[in-house]
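This briefing walks through a single protein chain, topic by topic, for a reader who has the sequence and the model open alongside the text. Please keep both in view while reading the points below.

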Amino acid sequence: MIKKKHSLKIEIKFPFTVIIFLFLISNLNAQTKSNLEVFYSLLDSSIYEIKNMLAEKSEISNLQINLGKEYSIFHNYLISGLSREGIIINRNSESAPELSYVIETSNVEYDNMERRGLFSDYFVTRKIIVEGNYLIYPGEFGIKRFSFNQIDSVDVSEIQKLENSSYPFTQGELPAEPFFPGLIEPIIAVGTAAIAIILFFTVRSK
């Protein structure tokens, strides 16, 4: 008589595989956005604001974007963003207003360098800012200024990957490394090594 094998191992492995898969997915989702990606998301906020100003019309007869050479990378993204929000550029319309969009400044600031644990990586506060204005004319709104920012914390070791050397506005100046943690950690390391050597010879002498 042939005995049937238990399926206990399969039942244990399946949930464990699912847990590993979910862990890997969560790590992918938690990946830090690059500075340029954050700029794009801040531009989305300005586009959404424009959509609300246009209300139900969602149509413009002409679009003027003034970015200068430094922010020219945003040009196509802004046009695509307006389209995603359902704002149509209809040059044949005689009733639709015109839109003029200007970016005045975009920059990255790093501050508050600190470690979250002994011998751990340094982290800094990252603040990314986009400021500008837009004008919907003819209309009663006048020039509307906008200023959007995002503040989060990033690993200093990742900053080179988060910045883009082709676009200087994605780069920022790092603050100085804190003095005391940088001084104490080598002392602890040397002290630990010294204690280990003393214990080693003490044990051997016995």
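A cavity here is a set of grid points where a 1.4 Å probe fits but cannot get out, and its lining residues are those that have an atom within 4 Å of such a point. The model is a predicted one, and by that description it holds one cavity of 30 Å³ or more. The briefing takes the overall chain first, then the cavity, the salt bridges, the strand pairing and some local backbone features.

**Overall architecture**

- The protein chain contains five helices and six strands, and when it is read along the sequence these follow the pattern α-α-β-β-α-β-β-β-β-α-α.
- Of the 206 residues in the protein chain, 29% are buried.
- Among contacts with a separation of 6 or more in the protein chain, 74% are between residues 24 or more positions apart.

**The largest cavity**

- The space in the largest cavity comes to about 30 Å³, and its lining is made up of Ile47, Ile50, Leu63, Ile65, Leu78, Leu82, Leu99 and Tyr101.
- Helix 2, strand 2 (62–66), helix 3 and strand 4 are the elements that each give two or more residues to this lining.
- In terms of residue class, the lining of the largest cavity consists of eight nonpolar residues, with no polar and no charged ones.

**Salt bridges**

- The structure holds four salt bridges, including the pairs described in the points that follow.
- Arg84 forms a salt bridge with Asp44, and the closest N and O atoms of the pair are 3.1 Å apart; this pair links distant parts of the chain, since Arg84 belongs to helix 3 (residues 74–84) and Asp44 to helix 2 (residues 35–54), 40 residues apart.
- Asp44 counts as partly exposed because its relative accessible area is 28%.
- Glu104 and Arg145 form another salt bridge, in which the closest N and O atoms lie 2.6 Å apart; Glu104 is in strand 4 (residues 98–115) and Arg145 is in strand 6 (residues 143–155), so the pair ties together parts of the chain that are 41 residues apart in sequence.
- Glu104 is partly exposed, with a relative accessible area of 36%, whereas Arg145 has a relative accessibility of 58% and therefore counts as exposed.
- Asp152 forms a salt bridge with Arg126, with 2.7 Å between the closest N and O atoms; because Asp152 lies in strand 6 and Arg126 in strand 5 (residues 122–137), the pair ties together parts that are 26 residues apart in sequence.
- Asp152 is partly exposed at a relative accessible area of 23%, while Arg126, with a relative accessible area of 1%, is buried.

**Strand 5 and strand 6**

- Strand 5 and strand 6, which hold Arg126 and Asp152, pair in the antiparallel sense over 13 bridges, and the bridge partner of Ile129 in strand 6 is Asn149.
- The two strands form a hairpin with five residues between them, and Gly142 in the turn has a positive phi of about 75 degrees.
- Tyr122 is found in strand 5, and with a relative accessibility of 10% Tyr122 counts as buried.
- Although Tyr122 and Val156 are 34 residues apart along the chain, their C-alpha atoms are separated by 5.6 Å.

**Local backbone features**

- Most residues other than glycine have a negative phi, and most peptide bonds are trans.
- Asn112 has a positive phi of about 55 degrees although Asn112 is not a glycine; this residue is placed in strand 4 and is partly exposed, with a relative accessible area of 47%.
- Tyr137 and Pro138 are joined by a cis peptide bond with an omega of about -10 degrees, and Pro138 is found in the loop between strand 5 and strand 6.

**A buried loop residue**

- Ser58 lies in the loop between helix 2 and strand 1 (59–60), and at 14% relative accessibility Ser58 counts as buried.
- When residues up to four places away in sequence are not counted, Ser58 touches Gly86, Ile87 and Ile88.

How values were computed:
Residues are numbered from 1 along each chain as its sequence is written. This is a predicted model: local features need pLDDT of at least 70, side-chain atom pairs count only at pLDDT 80 or more; totals for chains, interfaces and linings use all residues. Side-chain values use heavy atoms; hydrogens and water are left out. A salt bridge is a side-chain nitrogen of Lys or Arg within 4 Å of a carboxyl oxygen of Asp or Glu. Helices (H or I, at least four residues) and strands (E, at least two) are DSSP runs, numbered from the N terminus. Buried means under 20% relative accessible area, exposed over 50%, partly exposed in between (1.4 Å probe, protein chains only). Two strands pair if DSSP finds at least two bridges between them. Contact means heavy atoms within 4.5 Å. On a 1 Å grid over the protein atoms alone, a cavity is a set of points where a 1.4 Å probe fits but cannot get out, and a pocket is an open set with protein on both sides within 12 Å along at least five of seven lines; lining residues have an atom within 4 Å of a point. Grid points are joined across faces, edges and corners, and a volume is the space filled by probe spheres set on the points. Ala, Val, Leu, Ile, Met, Phe, Trp, Tyr, Cys and Pro count as nonpolar, Asp, Glu, Lys and Arg as charged, and the others, Gly among them, as polar.
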